[in-house]
Amino acid sequence: MKNQELKILMVDDHPMIIEGYMHTLMTTKKESQTLEIDIASDCDSALKAINRSKNIGQPYDIYFFDISIPESEDGLYKNGEDLAKRVKLTDPDAKVVILTMYEEVYRIHDIIRTINPEGFLIKSDLTSSELASAFQAIQNNPPFYSGTVNKVLRKSLQNPISLDLINHKMLHLLSLGIKTKDLVKHLDLTLSAIEKRKKNLKELFFVEDGKDETLINIAKEKGYI
């Protein structure tokens, strides 16, 4: 059987987590696979590795990006999400895996909409066997989503109300108890624009009593928060 060489870049700012990922991949890979794994801990070191691999004509086959990593020194790349978007544009043949602690519904939907990763893993779902399954699936039959992501997507399919990122984020902020007048601090919108969006949301979710609390409860039931 022909040997398959895979070049992998893992980007996470926690060395123990990286070590665990590498150990899992190396011990569960197929016998016919040879893995060359590079690591990076922030946006700048990741960019340096990406550029170096392209300069020598050996681009990475698979990227693992943690969302919460230190931004680049020039401020152009804020996190792993920005790096994943770049790779998707410049290296469309590569496989991208997103790893994150974030479980907010609006964040999950936004990552799928803007990145469409071959793998999407919530760290609280992650076990060695889950990572091993994800690794094989993204090579052969992507995408692979961990349990929390699948749960969010199933709920949204059952209740197909289309929301943009701003409305998703607004619902999330309201569910945290943030007052409407204070949403201007979190959203790049005027108070009147926020009020208009909230009114439209109540119509979309058929909030008959007009209360914010009812809107939040219905949105939670339907899997939008």
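This is a predicted model: local features need pLDDT of at least 70, side-chain atom pairs count only at pLDDT 80 or more; totals for chains, interfaces and linings use all residues.
A crossover is called right-handed if, with the strands pointing away from the viewer, the path from the first strand over the helix to the second runs clockwise. Helices (H or I, at least four residues) and strands (E, at least two) are DSSP runs, numbered from the N terminus.

Residues are numbered from 1 along each chain as its sequence is written, and side-chain values use heavy atoms, with hydrogens and water left out.

The protein has 9 helices and 6 strands. Its C-alpha trace spans about 65 × 40 × 30 Å along the principal axes. Of its 225 residues, 46% count as buried, where buried means under 20% relative accessible area, exposed over 50%, and partly exposed in between (1.4 Å probe, protein chains only).

I begin with strands β1 and β2. Two strands pair if DSSP finds at least two bridges between them. β1 and β2 (residues 33–40) pair in the parallel sense over 8 bridges, and Leu6 stands opposite Leu35 in β2. Together with helix α1 (residues 15–28), these two strands make a right-handed β-α-β unit.

Strand β2 also holds Ala40. Is Ala40 buried or exposed? Ala40 is buried, with a relative accessible area of 4%. Contact means heavy atoms within 4.5 Å; leaving out residues up to four places away in sequence, Ala40 touches Leu9, Met10, Val11, Asp12, Ser45 and Ala46.

Next comes strand β5. In a regular strand the side chains alternate between the two faces of the sheet. In β5 (residues 119–122) both faces are covered: Gly119 and Leu121 are buried on one side, and Phe120 and Ile122 are buried on the other. β5 pairs with β4 (residues 95–100) in the parallel sense over 4 bridges, and Thr100 stands opposite Ile122. From β4 the chain crosses through helix α4 (residues 105–114) to β5, in a right-handed β-α-β crossover. β5 also pairs with β6 (residues 144–145), again in the parallel sense, over 2 bridges. In β6, Phe144 is the bridge partner of Gly119. Here the handedness deserves attention, for β5, helix α5 (residues 128–140) and β6 make a left-handed β-α-β unit.

I now come to the interior. A nonpolar core is a set of buried Ala, Val, Leu, Ile, Met, Phe, Trp, Tyr and Cys residues joined through side-chain atoms within 4.5 Å. Which residues have the most contacts inside the largest core? They are Leu9, Tyr63, Phe65, Leu83, Ile98 and Phe120, in a core of 30 residues. Helix α2 gives the largest share of this core, 5 residues. Apart from it lies another core, of 20 residues, among them Ile8, Ile18, Leu35 and Phe135.

For the protein as a whole, residues 24 or more positions apart account for 65% of the contacts with a separation of 6 or more.

That concludes my presentation; thank you for your attention.
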